[in-house]
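Have the sequence and the 3D view open as you read.

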Number of protein chains: 2
Amino acid sequence: VTNTRTQSGEDRIIALFRPLAQHPGAFGLMDDAAALQPPEDCDLVLTADAIVGGVHFFTDDPPGAVARKALRVNLSDLAAKGADLAGFLLTLALPGTADDEWLAAFARGLAADVEAFACPLLGGDTVKTPGPATISVAAFGFVPRGTMVRRGGARAGDAVVVTGTIGDAALGLRLRQKLEITARWGLDAGAHAFLVDRYLLPQPRNAIASAVRRDASAAMDVSDGLAGDLAKLCDASGVGAEVAVERMPLSEAARQVIARDPNAREIALTGGDDYEILCTMAADKAAAFRAMASAAGVQATEIGRITEGEGVRLLDEQGRPLTLARTSYSHF
Amino acid sequence: VTNTRTQSGEDRIIALFRPLAQHPGAFGLMDDAAALQPPEDCDLVLTADAIVGGVHFFTDDPPGAVARKALRVNLSDLAAKGADLAGFLLTLALPGTADDEWLAAFARGLAADVEAFACPLLGGDTVKTPGPATISVAAFGFVPRGTMVRRGGARAGDAVVVTGTIGDAALGLRLRQKLEITARWGLDAGAHAFLVDRYLLPQPRNAIASAVRRDASAAMDVSDGLAGDLAKLCDASGVGAEVAVERMPLSEAARQVIARDPNAREIALTGGDDYEILCTMAADKAAAFRAMASAAGVQATEIGRITEGEGVRLLDEQGRPLTLARTSYSHF
């Protein structure tokens, strides 16, 4: 008689994650697949993003923050597409160093976000790796049929709007990479912690997904740097854009850094990891959109206009074009 | 003016995979998410599985075979759940050794399967890793509402049916791991190549997904060894099973090995990587199911019966219970 009641390592991992999988279609993580019943007349919106230890996070980052970042970079894509969240699949490639304690903290962090974003774990896979921890998430949302907000819908005359503040995460990453920068930038502990935290834990703007869906002509999340991502949106739309750099929304901490170190402005514009929403909309919709976002606790700032032609012109305080050494983070 | 027309490494990778993404909802891999229009009155079936270099494949395996294995282990889950294929997301974590040539061969292999299984690439992500190549796939299918075949539906008296032949991949893996085994097992080149190929390239049984959906009371794919996977199915269903080991479908090559090396029978029963469908069904449905599978080019074999109680009894040629050292492959 074959007895399978002894708990294997895999069973222990599944038990850790089962509380996150309350959706009936997750089958308590006890089946080989999940099932979702799509709402009537809706499209399913699908996205996948992975983060790798030593590349997208520090291997000594708190496991709960790693878990939340892995989920949030995906939720950010769904927010920018105007999708309501439905759930996600989680694939963990775990090194030997990911012991029970690491995994339990990872699951606790993830559980907090599953609840905060009402986005259930539907299933996934756990495998061993001789490399660093690699967390792959595929996340799903729904939109009324045909209403997913594309990259390619921007039209000349549209307002260019961005949520939150730009550059914090890129500056926070520099603070973690180069200790001497902390001294040069002369930040107080609060500002330092704010920037570092913005790198550690993105704040996806799912609270305004329905407003994006209602108002935006084009949208994407800012993950590889605002300058380059806006250029991608313009390329996809066959338009150009003009942006006033002075209108770029900056946190108080980022302002302090840029005042001390003029190079930091370019880092902020091109560094990436913002996970804010960049969108365009008919100019007469911008005020209502900003008000609706504000009511949901999200700042939205009009930073420029879509133009005929192609290319993004960044203009400084004197209206002079700004030239950047590079426009965005490249993965390769 | 920001010029993004220069092709980055990421753009080159996307260009390689764009031919695989002909589904209109993949948006030519040019957006941040994909969109699928669910058929009316259908459930979406979702699964995710990853394979890691040095763990699930050899790092010098042909890249095209690696790609196909990564997809096929997922398609196998969808076949066992009775789902019609809709598409997949691909997340690649690539080491520096995955150069343009490796990637092009990977994409060519994947393209062959995208066509063979009519399962389009919908989107994904590509990241760098200091570790081995890690390929995460999330795959999707549809079933008429409420008809996904679960693990937990087996009832006492049901026939236990398995597709294809069992143990080939596990024996093929041993041949690759231990050169001296090749001599001991004394296989001719054809039999050797057959077993090695069965490890390299699973043959998921999606051709009979609709038959599984129509007839099976419970099903799962055999990935961690038949003995252990049947025990999991029985546990989920609250039943037991009795299986005649002599009825286990074996390839000619596996028969040759077992004749030479009696230990090989246990490897075949517990080794995993079969990616066959294990299912149960009312006994009077088994003949029609086997005929329908055969018409689709898939062998299906009745190997035993579901019983009251719990646990899987494996019986040898004399009807004596067989005891295994371990019942299945454990990932941890």
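This is a predicted model: local features need pLDDT of at least 70, side-chain atom pairs count only at pLDDT 80 or more; totals for chains, interfaces and linings use all residues.

Q: Why are helix 2 and helix 3 of chain B called oblique to each other?
A: Helix 2 (residues 63-80) of chain B packs on helix 3 (residues 100-116) of chain B at about 45 degrees, and the axes are 7 Å apart. Roughly parallel needs an angle under 35 degrees and roughly perpendicular starts at 65, therefore this pair counts as oblique. The crossing of helix 2 of chain B past helix 3 of chain B is right-handed.

Q: Which residues make that contact between helix 2 and helix 3 of chain B, and how do they divide by type?
A: From helix 2 of chain B come P63(B), G64(B), V66(B), A67(B), R68(B), L71(B) and R72(B), and they meet W102(B), A105(B), F106(B), G109(B), L110(B) and D113(B) of helix 3 of chain B. By type, the residues of this contact are eight nonpolar, two polar and three charged.

Q: What makes helix 1 of chain B roughly parallel to helix 3 of chain B?
A: Helix 1 (residues 9-17) of chain B and helix 3 of chain B pack at about 25 degrees, with 9 Å between their axes. The cut-off for roughly parallel is under 35 degrees, so helix 1 of chain B gets that label against helix 3 of chain B. Here R12(B), I13(B), L16(B) and F17(B) of helix 1 of chain B touch D100(B), L103(B), A104(B), F106(B), A107(B) and L110(B) of helix 3 of chain B. Sorted by type, that contact has eight nonpolar, no polar and two charged residues.

Q: Why is H192(B) called partly exposed?
A: The relative accessible area of H192(B) is 24%. Buried would need under 20% and exposed over 50%, so H192(B) lands in between as partly exposed. H192(B) is part of helix 6 (residues 189-200) of chain B. Leaving out residues up to four places away in sequence, H192(B) touches L175(B), T182(B) and L187(B).

Q: How do you know whether H56(A) is buried or exposed?
A: Check the number: H56(A) has a relative accessible area of 14%. The buried cut-off is under 20%, so H56(A) is buried. You'll find H56(A) in the loop between strand 2 (42-52) and helix 2 (63-80) of chain A. Not counting residues up to four places away in sequence, H56(A) touches A50(A), I51(A), K69(A), Y199(A), V127(B) and K128(B).

Q: What makes the phi of D273(A) worth a look?
A: Most residues other than glycine have a negative phi. D273(A) has a positive one, near 65 degrees, and is a residue other than glycine. D273(A) lies in the loop between helix 10 (263-270) and strand 9 (276-281) of chain A. With a relative accessible area of 19%, against a cut-off of under 20%, D273(A) is buried.

Q: Why does L29(B) count as buried?
A: L29(B) is at 15% relative accessibility; buried means under 20%, so L29(B) qualifies. L29(B) also has a positive phi, about 60 degrees, although it is not a glycine. Its place is in the loop between helix 1 and strand 1 (34-36) of chain B.

Definitions and conventions. Residues are numbered from 1 along each chain as its sequence is written. Chains are lettered from A and ligands numbered from 1 in the order in which they are written. Side-chain values use heavy atoms; hydrogens and water are left out. Axes are lines fitted to C-alpha atoms, for helices over the stretch in contact, and angles run from 0 to 180 degrees between N-to-C directions. Helices (H or I, at least four residues) and strands (E, at least two) are DSSP runs, numbered from the N terminus. Angles under 35 degrees count as roughly parallel, over 145 as roughly antiparallel, 65 to 115 as roughly perpendicular and the rest as oblique. A crossing is left-handed if the near helix is turned anticlockwise from the far one by less than a right angle, and right-handed if clockwise. Contact means heavy atoms within 4.5 Å. Ala, Val, Leu, Ile, Met, Phe, Trp, Tyr, Cys and Pro count as nonpolar, Asp, Glu, Lys and Arg as charged, and the others, Gly among them, as polar. Buried means under 20% relative accessible area, exposed over 50%, partly exposed in between (1.4 Å probe, protein chains only).
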